[in-house]
Amino acid sequence: MADTAIPPRTAPPNTIELDRVVIRFAGDSGDGMQLTGDRFTESSAIFGNDLSTLPDFPAEIRAPAGTLAGVSAFQVHISDHDILTPGDNPSVLVAMNPAALRANLKDVAPAGTIIVNSDSFDERALAKAGYVSNPLEDGTLKDFTVYEIPMTSITLEAVKPSGTKPRDAERSKNLFALGVISWMYTRPVETTIAWIEAKFAKNEMVKTANVLAFKAGYNFGETAELFESNYIVKPAALEPGEYTNVSGNTALAWGLVAAGQLAKLPLFLGSYPITPASDILHELSKHKNFGVRTVQAEDEIAGIGAALGASYGGSLGVTTTSGPGIDLKTETIGLAVNLELPLVIIDIQRGGPSTGLPTKTEQADLLQAMFGRHGEAPVPIVAPDTPGDCFFAAIEAARIAVKYRTPVFLLSDGYLANGAEPWKIPDVDSLPDISVDFATAPNHTRADGGEEFWPYLRDAETLARPWAVPGTPGLEHRIGGLEKADGAGTVSYDPANHEKMVHLRVDKIAGIARDIPLVEVDDPDGDAELLVLGWGSTYGAIAAGLRRVRLQGHHVAHAHLRHLNPFPANLGEVLRRYRTVLVPEMNLGQLSTLVRARFLVDAKGLNKMSGQPFRAGEIERAVLDLLSADAPAAASDSKGN
Amino acid sequence: MTDVAVPVTTKKDWTSDQEIRWCPGCGDYSILTAVQMLMPELGARREDTVFISGIGCSSRFPYYMDTYGVHSIHGRAPALATGLAVSRPDLHVWVITGDGDALSIGGNHLLHALRRNVDITILLFNNQIYGLTKGQYSPTSETGKVTKSTPFGSLDHPYNPVSLALGAEASFVARTHDMDRKHMMATFKRAYEHKGAALVEVYQNCNVFNDGAFEAILTKDNRPRMLINLVHGEPIRFGAEGERGVVVTAEGARIVDVADVGEDALAIHDETRPDPSVAFALSRLSDGPTSPTPIGVFRAVERPDYGSMVNQQVRHASEQKGPGDLAALLSSGATWTVTGS
């Protein structure tokens, strides 16, 4: 092993400093690209870069090897300054086979770098990827800097001392690739070696092989005279504090744990596995020492049913799912609206309709969350805008649910769920107390002077009904899906009562607008005439796109909605302040439909339905187009900037 | 919840002030009375008692009990009850359901509540018809039944709810009927005392849409020769003189004349057999309430209940890791410190 030891790091003769780089790892879905990308991300996070990631993988666990459909990719954007997106176009593509090259080449930035596993470019693999001639030889890549590295054969040779069979040994080639890239971008190696040793601790042979492959890759970069230089992306100047790297789903799960603590209620999750939401179930099931109970139910309906049953008993009931699961839970959400019990419904949106694109992102469940129930059944909606923000959004959803005794939607999406970013760990003591009191005593005096409990006697301010949990003597009562008499809560078919109850339920949700922040507008110059209004995961792309537009001298404003029902109280006034309102969404115009209907504002949509998040460049282009349409002269002036 | 003394209550304490809306003559009345009369006998507490129902005539039941109650949505009562029972093991959770609610739209939830052994007591009112929607055939209606939705006779093969529950390895399965309050109360009491999921099928007459469905076995005259009363530890026999009985062989259970086989050949009923096969064989003796039909407790075995196990894991995790520390959780991954420059 002496020959594969990492030599002490001397300053490489030619280290070039970069302010940012976007790297995409691509290979077969069995090649371990997600693991490789994750690890590179983690070591960059520890190194102190700001970063943003975009995993992109097929729905099949092992799609046919070597085909375009089977390509799994992981893109990471690292930088020495604050960044907002995983980057539009990778400046470096690592392609483990011809299919990975073919599927990703169109995205590589002009004059970008391509690193290929040349061993995999045989005739059969080329044919599977649909290449009639070898792109390494036919000039396809002439505009790029290409490094051909026989990764498979070097890996096989390097891991021999571990005694691994060749077939298994080949599987370490992703660690070889990670080693090469770690050298290229001057990543710390010790933490990655320690990570490999811990991750594969149970299998000595695999552990040894992976460490050998990683070191071989790193040393290959150092010694092969292939690369003229390597690069360094210095740590970003982030706000001081303690940081960790979180994905949206992890942050969301932690937010739910926190919400249980802050509400002083046991957390109960009823859920059914579904992509891309299952990781929340996995994460929460680890934290039983917080009093968290998780039930993997027999179906989506039972998942939410159990959560609602637990809420009735005084838990913070939560259900997690994606669009198809929401379809199934819909009837129970309506019941929760009628029972007026707290319930947090997490929808990690994915491409639809039906099974659609399970592993791809979309924001097309907004109108479903808003209106997707029979009858007048309003439900508050909150949406996180970054992976780390999922933590705070979960607490906010729970706050509204327990305070107003209502189901609340949290709309995340596949991009936030699997994307990761450095997250400044909040001071636990700064988090809000969201606890509420259970009812403990009768609240109504009968004509005969007797005391009794009325389950639908509302709080004058919030219109919330009392939450009386079973086990409380003297407050026995019955609730159900049938319409209830205002106050007494007994079954009522009275027409005037129904009309009143419909309005009370609607007013209760509308009144939450008094209890949420006004929408803030980012309008640095204060004189913009164009407002970009977004919600949810488009935050990063919109903010990055507008940065570029502003650098070109234009004045544009950005508002981003955390609350979609009710809207912040000032939204109408804000929208009317701007001549043009652009609403970028990963749907066909759901928020723009809502604001047009609600505020009679001629909002324009920028809509993307490819299963991929917006790129900053797409926002930039759309905004520039609108600006030039609005003011042709000004636009032509700025073109050359 | 606060003291251990058995509360003294009467039927009246368990009766809510709501006017009962079932049709006059409905079998549901006698089941309600049996439950309301049983509660004082059980020494149960109103505040710790919850009735959860789905949708259908039977599912109005919680409104008439002066306890906690939820009239939920069609078929989903076992799902709500699971969440409540798991998170509140101090409560006694009852599920009130019917043949359409439990076996048609809610079939999945029933099976899973039984297999998980959630600590709930399920009373399944089986009247072999949809009552609330005014008379369509149900999953327990006999094949060929002419109803509003099957003018030429239904083509569906019916379920036997007891067989179904035994197939799901329910830990407690019993059958009773609305014509015998004493038997109902005794059976409900056994179900109440069972730790884990208990299913009681209650043959219940719908006098409007399916009147007399159980007449062949339940009229006073017919009962001796048509009801096979299962008694734990006793030979299985029935008939006015005990002249008929049941033998169980590798081929299943069959009805015999005691005179033909001799008393020693009769099966001895054992509720506690770990394997549900013999209980299943007994449930197959009749394929509808028209031939001799077993009633009583088919199976009562001990198996850890789901909620206890969930809560055991929660306690165990707290003992092992200590109570949750939020700040530690948020710093549980790799962390780094950024200092001001």
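This is a predicted model: local features need pLDDT of at least 70, side-chain atom pairs count only at pLDDT 80 or more; totals for chains, interfaces and linings use all residues.
Reader: What makes helix 6 of chain A largely enclosed by the rest of the structure?

Author: Buried means under 20% relative accessible area, and 12 of the 12 residues of helix 6 of chain A are buried, so the helix is largely enclosed by the rest of the structure. Among them are A:Lys173, A:Phe176, A:Trp183 and A:Met184.

Reader: Why is the contact of A:Asp107 with A:Arg615 called a salt bridge?

Author: A salt bridge requires a side-chain nitrogen of Lys or Arg within 4 Å of a carboxyl oxygen of Asp or Glu, and the closest N and O atoms of A:Asp107 and A:Arg615 are 3.4 Å apart, so the pair forms a salt bridge. Because A:Asp107 lies in the loop between helix 2 and strand 6 of chain A, and A:Arg615 in the loop between strand 25 and helix 20, the pair ties together parts that are 508 residues apart in sequence.

Reader: Why is A:Asp107 called buried, and why is A:Arg615 called partly exposed?

Author: The relative accessible area of A:Asp107 is 11%, which is under 20%, so A:Asp107 is buried. The value for A:Arg615 is 26%, which lies between 20% and 50%, so A:Arg615 is partly exposed.

Reader: How do you know that B:Glu271 and B:Arg190 meet in a salt bridge?

Author: Their side chains come to 2.9 Å, N to O, which is within 4 Å, so the pair counts as a salt bridge. The pair links distant parts of the chain, 81 residues apart, with B:Arg190 in helix 6 of chain B. At 7% relative accessibility, B:Glu271 counts as buried, whereas B:Arg190 is partly exposed at 33%.

Terms used:
Residues are numbered from 1 along each chain as its sequence is written. Chains are lettered from A and ligands numbered from 1 in the order in which they are written. Side-chain values use heavy atoms; hydrogens and water are left out. Buried means under 20% relative accessible area, exposed over 50%, partly exposed in between (1.4 Å probe, protein chains only). Helices (H or I, at least four residues) and strands (E, at least two) are DSSP runs, numbered from the N terminus.
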